[in-house]
2 protein chains.
Amino acid sequence: MASTAPSPARPAAKVPAEPCPISPVVDLVFSRWTTPILWLLHEHGRQRFVELQRRIGTITPKVLTQRLRQMERDGLVVRTYHPEVPPRVEYEISPLGLSLAPLFRTLAEWSQTHLPEVAAARTDYDDRGQPMP
Amino acid sequence: MASTAPSPARPAAKVPAEPCPISPVVDLVFSRWTTPILWLLHEHGRQRFVELQRRIGTITPKVLTQRLRQMERDGLVVRTYHPEVPPRVEYEISPLGLSLAPLFRTLAEWSQTHLPEVAAARTDYDDRGQPMP
DNA sequence: CCGTATCCTTGCTGATACTG
DNA sequence: CAGTATCAGCAAGGATACGG
């Protein structure tokens, strides 16, 4: 990885060999804002830049552009430019992006099943005080 | 999330409602260093602080401590302190952390299947030049 | 409407040193 | 050994403002 092209995904912090075989996918799919964007595109279908911005609610146009560009380059979304006045640009999920659906479903299922355990573990940990010197 | 306790996982950037139902899990499982740590604990079993540090290779003790503390609080790993001289501390995956295994497997499968498409999409995008004004 | 340009702040990182 | 403390450096993210 880290070819000659402008690939600002994340420098991976120069991991030596491959301590974790899923790191590439994690950087690809779970970078900041990618899951909300993919989710919204999946829920509401093809939509415009401002719709995405408004639905996410807390993202700035700069960052949204960055993320969408990267996701377009990675083949997860498709950008369509309509040369009109005013200009119109629409984004939609690509087939490749759609292939992540089962993964997201697994994630949602785990969430449903085990997130309460996480909450319990947290209160448990907090009640127990310092973890030992 | 973001309760009263010291849980600086990520402030989630104050997302309004719930633009993406899997965001909590993403913050939990795919924060920086968590997947390498979980992977190493899964591969090599229970091990000590320095072993983890050496195997990851590029992490400082400070950050490793931060990450391990948070994962312990979230119930993903278990920390065992042996009061000896020299002191010995061992970390291992908890059952909750182990319940992530199928998720990781799904991730690895997707990686195997679709990562080449990502690479292709990237070269394609880079060859095609500017994305249109 | 769809972005880009500019600044600013945050948080990770890195190096070093120091306890128990 | 297993951390904690401190400080400097950098890059990503956020806020604001402006242009095509």
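## Surface near DNA strand D

DNA strand D is surrounded by 20 residues, the closest being Lys62(A), Arg48(B), Val50(B), Thr65(B) and Tyr91(B); a residue counts as near a strand if one of its heavy atoms lies within 4 Å of it. Of the atoms of DNA strand D that come within 4 Å of the protein, 72% belong to sugar and phosphate. This is a predicted model, in which local features need pLDDT of at least 70 and side-chain atom pairs count only at pLDDT 80 or more, whereas totals for chains, interfaces and linings use all residues. Residues are numbered from 1 along each chain as its sequence is written, chains are lettered from A and ligands numbered from 1 in the order in which they are written, and side-chain values use heavy atoms, with hydrogens and water left out.

The elements that each supply at least two residues of this surface are H4 of chain A and, from chain B, helix H3 (49–56), H4 and strand S3 (88–93); helices (H or I, at least four residues) and strands (E, at least two) are DSSP runs, numbered from the N terminus. By class, the surface near DNA strand D has ten nonpolar, three polar and seven charged residues. Here Ala, Val, Leu, Ile, Met, Phe, Trp, Tyr, Cys and Pro count as nonpolar, Asp, Glu, Lys and Arg as charged, and the others, Gly among them, as polar.

An N or O atom in the side chain of Lys62(A) is 2.3 Å from a base oxygen of DNA strand D. Phosphate oxygens of DNA strand D are approached by a side-chain N or O atom of Trp33(A), at 3.2 Å, and by a polar backbone atom of Val50(B), at 3.2 Å.

## Surface near DNA strand C

Around DNA strand C there are 19 residues, of which Val50(A), Thr65(A), Arg79(A), Arg32(B) and Trp33(B) come nearest. Sugar and phosphate make up 71% of the atoms of DNA strand C that come within 4 Å of the protein. H4(A) gives the largest share of this surface, four residues. The classes are ten nonpolar, two polar and seven charged residues.

The side chain of Lys62(B) places an N or O atom 3.0 Å from a base oxygen of DNA strand C. At phosphate oxygens of DNA strand C, a polar side-chain atom of Tyr91(A) lies at 3.0 Å and a backbone N or O atom of Thr58(B) at 3.2 Å.

## Interface of chains A and B

Chain B gives 52 residues to the contact and chain A gives 53, contact meaning heavy atoms within 4.5 Å. The two chains bury about 5,100 Å² between them, 68% of it on carbon and sulfur atoms; buried area is the accessible area (1.4 Å probe) that two parts lose on being put together, summed over both. Ile22(B), Arg73(B) and Trp110(B) supply 13% of the area that chain B buries against chain A, more than any other three residues.

Four salt bridges cross the interface, each a side-chain nitrogen of Lys or Arg within 4 Å of a carboxyl oxygen of Asp or Glu. Arg73(B) forms a salt bridge with Asp126(A), with the closest N and O atoms 2.5 Å apart. On the side of chain B that touches chain A, H6(B) contributes the largest share, 15 residues. That side has 33 nonpolar, eight polar and eleven charged residues.

## Relation of the two copies

Definitions and conventions
A polar contact is a pair of N or O atoms within 3.5 Å; within protein, one must be able to donate a hydrogen and the other to accept it, and residues adjacent in sequence count only if both atoms are side-chain atoms.
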